[in-house]
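Hello,

Here is the structure we talked about handing over. Please have a look, then read the notes below.

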Amino acid sequence: MRILIQENYQALSNWVAHYVAKKIKDANLTPEKPFILGLPTGSSPIGTYQALVQLYKEGKVSFQNVITFNMDEYVGIPETHPESYHYFMQSNLFSHVDMKPENINILNGNAEDLEKECEEYEAKIEAAGGIDLFLGGIGPDGHIAFNEPGSSLSSKTRIKTLTYDTILANSRFFDNDINKVPKTALTVGVGTVMDSKEVLIIINGYKKARALQMVVESGVNHMWTVSALQLHKSGIIVCDDESTMELKVGTVKYFKDIESESLNKLPELL
Ligand code: GLP
């Protein structure tokens with residue numbers, strides 16, 4: 001697993017955006033050979049999305065032949081709700097770039113048959129040839145997508161009940177009222193994310209420090225579902241200095257040393 005420790009959130013976001021754009025460019029895409037990109041919501045990827053929009057505006061990347069699959073969606077709030085993940089993706093990324101609407105996939109939390117919705121989502125990912133790169137963030141308890149502590153590390157897309165911790169953390173988006181936060185969500189599984197060819201996780205800020213310590217310095221553990229990344233062939237964590245607060249000095253120095261070349265330059269967009 002690679003760990004890239006960036007100086008701050010802006011540097012992290014810029015690096016991740018360049019990395020994603022380079023992957024898309026290098027793949028020499030056609031409509032027959034699209035790039036399959038997994039995407040998260042939350043505050044962590046916002047800077048990356050802003051930097052990707054900027055790269056698009058500068059003509060350095062196009063999303064014409066990109067197919068996206070989002071990680072998760074709340075159950076039971078309208079897609080037009082400002083806190084729905086449908087709304088989030090439109091306002092933070094899709095409406096600013098040249099994504100084809102038919103290439104956007106987000107779980108429908110209002111589907112009549114939620115289980116069927118999840119099964120079909122998995123089938124759609126498979127039919128697309130699997131995900132090339134899954135971007136993700138984590139919750140303070142190390143959950144990935146909505147795979148709360150204790151989730152099976154081989155889980156697939158399904159309905160999950162949110163923990164009190166997550167409801168509390170997300171209440172900041174719902175007028176700080178936990179009663180307004182949906183109690184269930186549809187989410188890709190840890191296994192769905194791990195089946196991707198590559199996984200890149202964004203971790204920033206002090207409140208994620210303990211989770212970063214668990215995923216980097218401790219073993220694979222279902223109580224910190226992002227730790228499954230240790231078993232992935234191509235897992236990358238891009239984090240900021242602040243989130244490394246709980247890591248050993250030696251761990252930070254080690255990763256800064258072995259990644260020094262990548263840290264000092266942005267992935268090049270030729
Ligand atoms: C929610 C989402 C996760 C996200 C997490 C952290 O639980 N389902 O995908 O990683 O929030 O959000 P933030 O980036 O705002 O800290």
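**Ligand site and aromatic pairs**

A backbone N or O atom of I138 lies 3.3 Å from an oxygen atom of the ligand. That is a polar contact (N or O atoms within 3.5 Å). The model is predicted: local features need pLDDT of at least 70, side-chain atom pairs need 80 or more, and totals for chains, interfaces and linings use all residues. Numbering runs from 1 along each chain as its sequence is written, and side-chain values use heavy atoms, without hydrogens or water.

For S44, an N or O atom is 2.5 Å away. For H143, a polar atom is 2.8 Å away. The protein buries 97% of the 390 Å² that the ligand exposes when taken alone (Shrake-Rupley, 1.4 Å probe).

The shell holds 13 residues, with S43, S44, D72, H143 and K208 coming nearest (a heavy atom within 4 Å counts as near). Four shell residues are nonpolar, six polar and three charged.

Now the rings. There are eight aromatic pairs (Phe, Tyr or Trp ring centres within 6.5 Å). One of them, Y49 with F88, is edge-to-face, at 6.4 Å between centres and 65° between planes (over 60 degrees is edge-to-face). Y49 sits in helix 2 (residues 46-57) and F88 in helix 3 (residues 85-92), 39 residues apart.

Best regards

Note on methods. Polar contact = N/O pair within 3.5 Å; in protein donor to acceptor, adjacent residues only side chain to side chain. Nonpolar A, V, L, I, M, F, W, Y, C, P; charged D, E, K, R; others polar. Phe/Tyr/Trp six-rings, centres within 6.5 Å; stacked < 30°, edge-to-face > 60°. Helix = DSSP H or I, 4+ residues; strand = E, 2+ residues; numbered from the N terminus.
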